[in-house]
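Visitor: I have a model open and want to go through the ligand site. Can you take me through it?

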Amino acid sequence: MSISPLNCCINPSILSADFVNLEAELARISNADAVHVDVMDNHFVPNLTIGLPVVERIQKVSPVPLDAHLMISNADRWAPQFADAGLSSVTFHVEASDAPIKLARELRARGSKAGMALRPATPMEPYLDMLPELDMLLIMTVEPGFGGQAFLDVMLPKIRRARAAVDGSGVDVAIQVDGGITEETIIRAAEAGANVFVAGSAVYGKPSPEDAIESLRAKGQLAFGPTASRPNNVVFQQA
Ligand code: DX5
Ligand code: ZN
């Protein structure tokens with residue numbers, strides 16, 4: 001197993017951005033590791049955001065790679081189309097997939113990283129054998145659907161178990177957390193083992209999103225500790 005320091009990735013969520021000025025909003029986060037794009041269908045979650053045509057336009061103008069989070073039903077049918085659009089990473093919800101291994105392979109075959117998300121109450125253990133099929137595991141730290149909710153501390157043991165499983169099996173899988181990440185909660189999530197952090201309101205709610213990203217990244221990196229030695233599982237690398 002290759003041992004190198006863990007990198008702390010900050011992926012701002014455009015759910016908290018101004019949807020009428022997305023190109024300008026993307027330019028405000030050019031120091032991010034990726035932009036987290038929340039796709040909601042008003043079926044899997046009780047909210048509606050954007051679909052593939054808008055995501056394709058974002059992909060064209062974004063200064064950073066795209067990290068799509070698909071909160072949509074029937075992921076097996078729709079998720080591959082997002083990979084076909086050339087996105088760096090596509091994450092589907094396991095609760096919305098009948099065949100998650102097949103779907104993860106399809107995403108990779110189309111050139112995207114394959115991410116799999118778990119709602120807060122979805123156990124991780126039934127899926128541990130499929131870790132080698134994934135590039136990223138997304139542990140939701142709020143109920144999906146809306147920005148600005150409070151971080152669920154009750155998810156910390158799940159993050160710890162995910163980190164132990166990933167390190168124990170030596171697979172190169174990033175652990176993403178999404179929901180309620182602030183300068184305070186990022187420390188607990190990073191100490192528990194997450195290394196990719198989605199932040200909506202904690203970035204776009206600040207006067208300088210770029211400063212907010214730097215500050216969050218510093219806090220997360222510090223929380224890993226100076227002797228952090230884990231597989232280097234960076235998913236998002238700027239071209
Ligand atoms: C919630 C979304 C999150 C959300 C995070 O369903 O998946 O990405 O935008 O927003 P904050 O950081 O404000 O909790
Ligand atoms: Zn999200």
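Guide: One definition to start with: a polar contact is a pair of N or O atoms within 3.5 Å. Keep in mind that this is a predicted model.

Visitor: Fine. How far is the polar side-chain atom of H69 from an oxygen atom of ligand 1?

Guide: The distance is 3.2 Å, between a polar side-chain atom of H69 and an oxygen atom of ligand 1. S13 also has a polar side-chain atom by an oxygen atom of ligand 1, at 3.0 Å.

Visitor: And what about G200, which polar atom is 2.7 Å from an oxygen atom of ligand 1?

Guide: For G200 a polar backbone atom lies 2.7 Å from an oxygen atom of ligand 1.

Visitor: How much of ligand 1 does the protein bury?

Guide: The protein buries 100% of the 380 Å² that ligand 1 exposes when taken alone. Ligand 1 sits in the largest cavity.

Visitor: Which elements give two or more residues to the shell around ligand 1?

Guide: Those are β2 (35-40), β3 (66-71) and β8 (196-199). The largest share, 3 residues, comes from β2.

Visitor: Which of the residues around ligand 1 come nearest?

Guide: There are 20 residues around ligand 1, and D38, G145, D178, G200 and S201 come nearest.

Visitor: Change of topic, aromatics. How many aromatic pairs are there?

Guide: The count is 0 aromatic pairs, taking ring centres within 6.5 Å as the cut-off.

Visitor: What lies over the face of F44, then?

Guide: R119 does, at 4.9 Å from the ring centre of F44.

Key:
Residues numbered from 1 in each chain as written. Chains lettered and ligands numbered in written order. Predicted model: local features only at pLDDT ≥ 70, side-chain atom pairs only at ≥ 80, totals over all residues. Heavy atoms only, no water. Phe/Tyr/Trp six-rings, centres within 6.5 Å; stacked < 30°, edge-to-face > 60°. Lys NZ or Arg CZ within 6 Å of the ring centre and 35° of its normal. Near = heavy atom within 4 Å. Polar contact = N/O pair within 3.5 Å; in protein donor to acceptor, adjacent residues only side chain to side chain. Areas by Shrake-Rupley, 256 points an atom, 1.4 Å probe, with all protein chains shown as cover. 1 Å grid on protein atoms, 1.4 Å probe; cavity = no way out; pocket = protein on both sides within 12 Å on 5 of 7 lines; lining within 4 Å. Sits in = over half its atoms within 2 Å of the grid points. Helix = DSSP H or I, 4+ residues; strand = E, 2+ residues; numbered from the N terminus.
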